[in-house]
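Please read this short report alongside the sequence and the model. It moves from the whole chain to single residues.

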Amino acid sequence: MDRMLYIGMSGAKESFLALAQNNHNLANIATTGFRAELAQFRSQPVFGPGMPSRAYAMDERPGMDLRSGPLINTNRDLDIAIKGAGWIAVQARNGDEAYTRAGDFQVTNLGMLVTGNGLPVIGNGGPIALPPSENVVIQPDGSVAIQPIGQGANALVVVDRIKLVRPGADNLKKGEDGLIRTRDDQNAAPSPAVTVVSGVLEGSNVTPADALVKMVQYQRHYELQIKGMTTAKENDQASQTLLKFG
């Protein structure tokens with residue numbers, strides 16, 4: 001009985017965790033450049049003294065969905081989206097270099113080029129700082145050009161270039177802050193093969209219909225495990241009755 005109860009308990013716990021992870025994906029349907037997290041189940045033996053006579057269900061996060069999200073036209077000069085594979089280098093809250101697909105840029109009062117959530121965008125020599133200008137234009141290769149104050153629209157001056165990287169998919173991991181980093185914790189090298197398009201943002205790659213279907217599946221898995229625990233309890237009570245009156 002205890003084995004059945006343990007399997008049901010661990011299965012219910014992991015189903016609940018998978019449901020929470022799926023709900024997190026669903027909550028980020030409208031998040032720019034969001035990459036859905038993946039989940040899978042497998043059985044895991046319990047090791048310890050004696051023989052591994054117990055096994056429990058385990059919810060794993062093998063990685064993230066790297067498929068591109070839909071492109072949304074904004075006609076805003078500071079909005080960019082990466083064409084194909086690649087990432088934008090930003091400075092995380094802890095000062096480390098990290099990567100994102102969110103190209104909703106802004107210029108702060110101090111002239112810093114930052115993402116929509118305030119992370120500095122990294123260029124050739126660190127965070128990109130822009131002098132006062134009439135306009136800012138981001139070119140396909142990531143170069144950031146400005147129109148000097150009092151100059152015409154054709155008098156563009158390149159100030160810096162956004163660091164665009166393309167590390168291998170097997171060398172990527174997603175942090176708790178939602179940013180991407182390399183598994184070896186090394187800064188990726190700039191890649192000239194990565195290009196961007198301006199006036200466009202990449203949406204989340206979460207498919208609402210798929211996420212809703214998974215939500216129902218995980219809820220049913222959870223209910224099934226709870227039913228198994230209830231059955232184990234009923235079997236235990238029946239066994240006690242037989243021993244008492246047998």
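## Basis of the model

This is a predicted model, in which local features need pLDDT of at least 70 and side-chain atom pairs count only at pLDDT 80 or more, while totals for chains, interfaces and linings use all residues. Residues are numbered from 1 along each chain as its sequence is written, and side-chain values use heavy atoms, with hydrogens and water left out.

## Overall form

The chain has 18 strands and two helices. Both kinds of element are DSSP runs, numbered from the N terminus: helices are H or I runs of at least four residues, and strands are E runs of at least two. The radius of gyration is 25 Å, well over the 18 Å that the globule rule gives for 246 residues, so the chain is more spread out than a compact globule. That radius is taken over C-alpha atoms, and the rule is 2.2 Å times the number of residues to the power 0.38. Along the principal axes, the C-alpha atoms fill a box of roughly 100 × 35 × 30 Å.

How many of the 246 residues count as buried? The share is 37%. Buried means under 20% relative accessible area, exposed means over 50%, and partly exposed lies in between (1.4 Å probe, protein chains only). Contacts can also be sorted by sequence separation. Among those between residues at least 6 apart in sequence, 62% join residues at least 24 apart. A contact here means heavy atoms within 4.5 Å.

## Surface and charge

The chain exposes about 13,900 Å², and carbon and sulfur atoms supply 54% of this area. The area comes from the Shrake-Rupley method with a 1.4 Å probe. The chain has 23 positive and 24 negative charges, and their mean positions are 6 Å apart. Lys and Arg count as positive, Asp and Glu as negative; His and the chain ends are not counted. Each charge is placed at NZ of Lys, CZ of Arg, CG of Asp or CD of Glu.

## The largest nonpolar core

In soluble globular proteins, nonpolar side chains tend to be buried together. Here, the largest nonpolar core holds 22 residues. Which of them touch the most other members? They are I88, F105 and I162. β4 (80-83), β5 (87-91), β11 (135-138) and β12 (143-147) each supply at least two residues of this core. Such a core is a set of buried Ala, Val, Leu, Ile, Met, Phe, Trp, Tyr and Cys residues joined through side-chain atoms within 4.5 Å.

M4 is in helix α1, which spans residues 2-27. M4 is partly exposed, at 36% relative accessible area. Beyond four places in sequence, M4 touches G228, T231, A232 and N235. M4 and L242 are 238 residues apart in sequence and 20 Å apart in space, C-alpha to C-alpha. A27 is also in helix α1 and is exposed, at 63%.

Y222 is in helix α2 (residues 208-245). Its relative accessibility is 33%, which counts as partly exposed. Leaving aside neighbours within four places, Y222 is in contact with A12, S15 and F16. Y222 and G116 are 37 Å apart, C-alpha to C-alpha.

## Loop residues

Most residues other than glycine have a negative phi. N75 has a positive phi of about 60° although it is not a glycine. N75 sits in the loop between β3 (71-73) and β4 and is exposed, at 72% relative accessibility. D185 also has a positive phi of about 60° and is not a glycine. The place of D185 is the loop between β16 (180-182) and β17 (195-198), and D185 is exposed, at 56%.

T108 is in the loop between β7 (106-107) and β8 (113-114). Is T108 buried, partly exposed or exposed? T108 is partly exposed, at 31% relative accessibility. The C-alpha atoms of T108 and G118 are separated by 8.8 Å, and the two are ten residues apart along the chain.
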